[in-house]
Amino acid sequence: MSKKVLDALTAKFPSAIVRTATANGDEIAWIKRDDLLAVAKWLRDDPAMAFDAPVFCTCIDWLDWKPQHNNRPPPEWGSAWNETKPRFTVCYQLRSVAHKHRLRLEIELPENDPRCASLAELWPAFNWQERETFDMYGIKFENHPDLRRIYLYEEFVGYPLRKDYPKEKRQPLVRRDDLPINPIKAEHK
Amino acid sequence: MGVELSTTRLEDAAKWAKQGKLARIPEWGRKFSLFTYPFVTACCGMEFMSVAGPKYDLARFGAEFPRFSPRQSDLLMIVGTITEKQGPALKRVYDQMAEPKWVIAFGVCASTGGFYQNYHAMPGADQVIPVDVYIPGCPPRPEQVLDALIMLMDRIQDGRGHSQLRLKREQVIASGTEE
């Protein structure tokens with residue numbers, strides 16, 4: 001597949017790119033956290049790139065991830081595959097309707113400092129997507145206009161889609177008083 | 001199955017009046033004129049439409065009239081998954097309903113949480129409000145819903161619904177303190 005976008009991106013921002021890869025026709029670029037905003041702004045505004053359609057924003061939790069024989073990458077990934085991963089990877093999938101090409105930006109974040117630049121100012125559609133990513137994974141998007149929980153309630157503690165969130169843990173808002181075990185009251189005892 | 005109990009036999013009421021069992025007569029009327037509040041949150045709603053539609057026809061049992069205000073209804077049908085975030089809303093709807101009131105948990109999600117076992121789903125609507133009849137199934141067949149409704153009607157007739165028992169308890173307590 002063509003690597004037109006990746007080549008242009010690497011030529012323009014050689015220091016911002018950690019590595020690149022193509023897989024099944026998708027172009028992927030790993031971007032350094034501090035350069036994300038400049039790269040994204042250029043991708044949106046440059047007439048040859050013109051990424052006008054934000055597709056999605058999400059996060060991957062790589063907790064306790066180890067390379068297995070069955071999750072080896074396709075050979076064309078080459079050096080894009082690293083054997084140890086930081087805890088989180090934030091993904092932005094972009095698409096250009098004008099030029100009919102796509103690009104995925106991946107930003108690797110360490111566990112103790114999950115900060116990432118917000119792209120909500122560039123593409124307003126990322127506003128709620130980043131709020132969802134914050135709600136589920138606790139990624140702090142800097143300069144986001146309204147970084148609150150979007151699906152869960154304000155009383156919720158923790159981030160449920162992180163792999164270390166207990167599967168059985170519930171955080172009830174209201175329970176009957178005549179239940180044999182009232183988890184709300186038990187918690188306050 | 002309590003088919004006999006569920007028929008609208010006027011003789012029954014006349015017989016009870018003759019025997020002096022007057023307390024049974026209002027319950028007899030109530031069980032044939034349930035006003036449903038469908039608390040539809042998920043895909044079971046399609047099956048609820050099927051039951052309410054002309055083929056299975058909930059109207060045959062007198063429960064055909066969905067009221068979209070809890071203050072005008074006495075049968076709460078919880079149709080679908082209840083999340084923890086919805087808990088306060090569900091409790092508020094139940095508190096606003098007219099006494100005496102009954103609750104049917106429609107489908108496994110409303111009964112036990114179903115296949116959801118995670119951070120957001122409530123393990124059964126009975127964590128928040130008392131439920132009279134549980135209908136299993138994902139979603140339940142309309143026949144199961146009709147069966148559950150007949151079961152509930154028997155229970156209403158015998159005064160065994162949760163709210164009926166609670167009202168009786170409250171009466172006993174009130175009469176005890178007056179003496």
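This is a predicted model: local features need pLDDT of at least 70, side-chain atom pairs count only at pLDDT 80 or more; totals for chains, interfaces and linings use all residues.
In general, the strands of a sheet pair through backbone hydrogen bonds, either parallel or antiparallel.

These two strands belong to an open sheet of five strands in chain A, whose order is β1-β2-β5-β4-β3 and whose pairing is mixed. At the edges of the sheet stand β1 (17-23) and β3 of chain A, and because each has a single partner strand, one side of each is left without a neighbour in the sheet. From one strand to the next, the twist averages 20°.

The sheet is part of a chain with four helices and seven strands, which follow one another along the sequence of chain A in the pattern α-β-β-α-β-β-β-β-α-β-α. Among the contacts in chain A between residues at least 6 apart in sequence, 55% join residues at least 24 apart. Of the 189 residues of chain A, 23% count as buried.

Helix α3 of chain A, covering residues 126-137, deserves a separate look. Its twelve residues reach 16 Å from the first C-alpha to the last, close to the 16 Å expected at 1.5 Å a residue. Ten of the twelve residues of α3(A) are buried, so the helix is largely enclosed by the rest of the structure; among them are A:Phe126, A:Arg131, A:Phe134 and A:Tyr137. The buried residues of this helix pack against β3 (53-61), β4 (88-96) and β7 (140-142) of chain A, and just after α3(A) the residue A:Gly138 takes a positive phi of about 75°.

In soluble globular proteins, nonpolar side chains tend to be buried together. The largest nonpolar core has 40 residues, of which B:Met77, B:Ile78, B:Ile104 and B:Phe106 touch the most other members. Several elements of chain B each supply at least two residues of this core, including β1 (35-40), β3 (75-79), β4 (102-106) and α7 (142-157), and α7(B) gives the most, with six residues. Leaving aside residues up to four places away in sequence, B:Ile104 touches B:Leu75, B:Met77, B:Asp132, B:Val133, B:Ile135, B:Ala148 and B:Leu152. Apart from this core lies another, of 30 residues, among them A:Phe51, A:Val90, A:Leu105 and A:Ala117.

Notes:
Residues are numbered from 1 along each chain as its sequence is written. Chains are lettered from A and ligands numbered from 1 in the order in which they are written. A residue is buried if 20 or more other C-beta atoms lie within 10 Å of its own, exposed if 12 or fewer, and partly exposed in between; C-beta atoms are placed from the backbone. Two residues are in contact if their C-beta atoms, placed from the backbone, lie within 7 Å. A nonpolar core is a set of buried Ala, Val, Leu, Ile, Met, Phe, Trp, Tyr and Cys residues joined through C-beta atoms within 7 Å. The expected span of a helix is 1.5 Å times one less than its number of residues. Two strands pair if DSSP finds at least two bridges between them. Axes are lines fitted to C-alpha atoms, for helices over the stretch in contact, and angles run from 0 to 180 degrees between N-to-C directions.
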